[in-house]
Amino acid sequence: MTLSVSTSDLKVNREVLSVSDLNRKARNLLESKFASVIVEGEISNLAMPASGHWYFTLKDKKSQLRCAMFRHNNQRVAFSPRNGIQVEVRGKLSIYEGRGDYQLITDNMSEAGEGDLRLAFDLLKKKLGSEGLFAPEHKQPIGNDYRHIGIITSRTGAAIQDMLSVFARRFPSIRLTLFSVAVQGQQAPAEIVNAINRANRLGPQLGIEALIVGRGGGSLEDLQAFNEETVARAMFASKLPITSAVGHETDFTIADFVADVRAPTPSAAAELMSPHQQHYLDRLTDYQQKLLTAVTNTIANQNATLQWLTRQLKRPDRRLQENAQTLDRLESQIKHAMINQLQRHRTELNLYQRTLAANSPVSLLRDSTRRLESGRHQLRAAIKSQLLQANGRLEQLVRNLNAISPLAVLARGYSLTSDDNNALLRNSKQVQLDDRIQTRLADGHLTSIVTAVHPESGTDTQKGNQS
């Protein structure tokens, strides 16, 4: 089934509005429906141009609303409004037709106290300060001679362009690594924390020496990501030194207090952490001048040495004559030395010959034979003398032994008597009647039976037979 529609049908009941007509209708609708409303929120992005009108944003944690308060109305405000304070305003909703902006035309404003964000900022600052996260002793030194710097910011923001421009102007050879993150919004704190941790993890591998964490200026709400506790603690735990470059010079965040160094702007951070190439050029020029001076002095010294050597040179014929004389002198010295050396060798040779003749085997054998014969005669005489002395001592011992020998005593008529156990009898009490005794004489021995024992008194006490 085919549906056919003509052009004339499309134009029926079709009203085409211009942009201005639509904005006007929408403004009339808003102003009629919201002719007077009271709204509470926090002031941010406050602008006070020379016209005397005030333009600001009213916001809470989730939304924001653009507001305008014209001069004839704001003159009645009894306090000076500023960013970050909580206010209560009354006005009507409208649309600025020129841009189609939805806004609140404010005719009254009263102060509602410090804003929630500012109060949270002060509480967190006090808490982290009491824990020592801002203490100077925890700050790492920041230099200006880094070869590789990591930058944590948005890749689309003005801050990265400002820093790149400064680095390119001051020191183009420096290496930069961008860790792109969201710098505002709900996901911004987590992305900043992850970027800091990733930079520290990859730092040794990539050669990153320091970090810049920052963004361009904005309201307190815009900078809220850098007032989060998680971001502050990640910066404090960083092993890499961190320069905080958040906002404009008048903007302060928790990150500024925790960082090792606070730069008033991103551009100032780039200025702070990069050497100026002009300084290197000046140093190179100075080295070049010193090198040129050193080379010039060296050449001058060498020229002076060359001139001195030139003056020391003699004519070739003079030098040849002197060399010839020197050669003759050396030849004479060599001949004399050779003669002396030959004479010394002859003397040493004669000495060696006499020594060899004195120590020849024939001479040594002859001397040994003589010494052997002499030793043999001496040995025989010594043996004979020793034998005579030994025989004399032996005869003396025999005479002495015979003098005290019991056999000699026996030969003079004495005898020795012992019992059957060969125990020598010394008195009459050692035997009893009928004991067998042995008597040793000079030419034999007798065996007897005791028949009587006679003590010294001479009285016979026992009698018996003796055989």
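A salt bridge here is a side-chain nitrogen of Lys or Arg within 4 Å of a carboxyl oxygen of Asp or Glu. The structure, a predicted model, holds 14 salt bridges.

**View 1. Arginine 90 forms a salt bridge with aspartate 107.** The closest N and O atoms of arginine 90 and aspartate 107 are 3.4 Å apart. The pair links distant parts of the chain. Arginine 90 lies in strand S4 (residues 85-96), and aspartate 107 lies in strand S5 (residues 101-114). They are 17 residues apart. Arginine 90 has 36% relative accessibility, so it counts as partly exposed. Aspartate 107 is also partly exposed, at 28% relative accessibility.

**View 2. Glutamate 209 and arginine 147 form a salt bridge.** Their closest N and O atoms are 3.5 Å apart. Both partners sit in loops. Glutamate 209 lies between helix H6 (188-206) and strand S8 (210-215). Arginine 147 lies between helix H4 (116-130) and strand S6 (148-153). The bridge therefore ties together parts that are 62 residues apart in sequence. Glutamate 209 has a relative accessible area of 23% and is partly exposed. Arginine 147, at 62% relative accessibility, counts as exposed; the cut-off for exposed is over 50%.

View 3. Aspartate 367 counts as partly exposed, at 25% relative accessibility. Arginine 370 is partly exposed too, with a relative accessible area of 48%.

**View 4. Lys127, Glu131, Glu229 and Arg233 belong to one salt-bridge network.** Shared partners join the salt bridges of these residues.

**View 5. Phe134, Phe252 and Phe257 form a cluster through ring pairs.** The structure holds two aromatic pairs. How are the rings of phenylalanine 134 and phenylalanine 257 arranged? Their centres are 5.5 Å apart and their planes meet at 40°, so this pair is tilted. Phenylalanine 134 lies in the loop between H4 and S6. Phenylalanine 257 lies in helix H8 (residues 254-258). This pair therefore ties together parts that are 123 residues apart in sequence. Phenylalanine 257 has a relative accessible area of 24% and is partly exposed. The rings of phenylalanine 252 and phenylalanine 257 have centres 6.1 Å apart. Their planes are at 25°, so the pair is stacked; planes under 30 degrees apart count as stacked.

**View 6. The charged end of arginine 262 sits over the ring of phenylalanine 252.** The charged end is 3.9 Å from the ring centre. Phenylalanine 252 counts as partly exposed, at 42% relative accessibility. Phenylalanine 252 is also part of the cluster with Phe134 and Phe257.

**View 7. Glutamine 325 is an exposed residue of helix H11.** Helix H11 covers residues 316-358. Is glutamine 325 buried or exposed? At 58% relative accessibility, glutamine 325 counts as exposed. What separates glutamine 325 from alanine 112? Their C-alpha atoms are separated by 119 Å. Along the chain, the two residues are 213 residues apart.

Conventions: Residues are numbered from 1 along each chain as its sequence is written. This is a predicted model: local features need pLDDT of at least 70, side-chain atom pairs count only at pLDDT 80 or more; totals for chains, interfaces and linings use all residues. Side-chain values use heavy atoms; hydrogens and water are left out. Helices (H or I, at least four residues) and strands (E, at least two) are DSSP runs, numbered from the N terminus. Buried means under 20% relative accessible area, exposed over 50%, partly exposed in between (1.4 Å probe, protein chains only). Rings of Phe, Tyr and Trp (its six-membered ring) pair if their centres lie within 6.5 Å; planes under 30 degrees apart count as stacked, over 60 as edge-to-face and the rest as tilted. A charge sits over a ring if NZ of Lys or CZ of Arg is within 6 Å of the ring centre and within 35 degrees of the ring normal.
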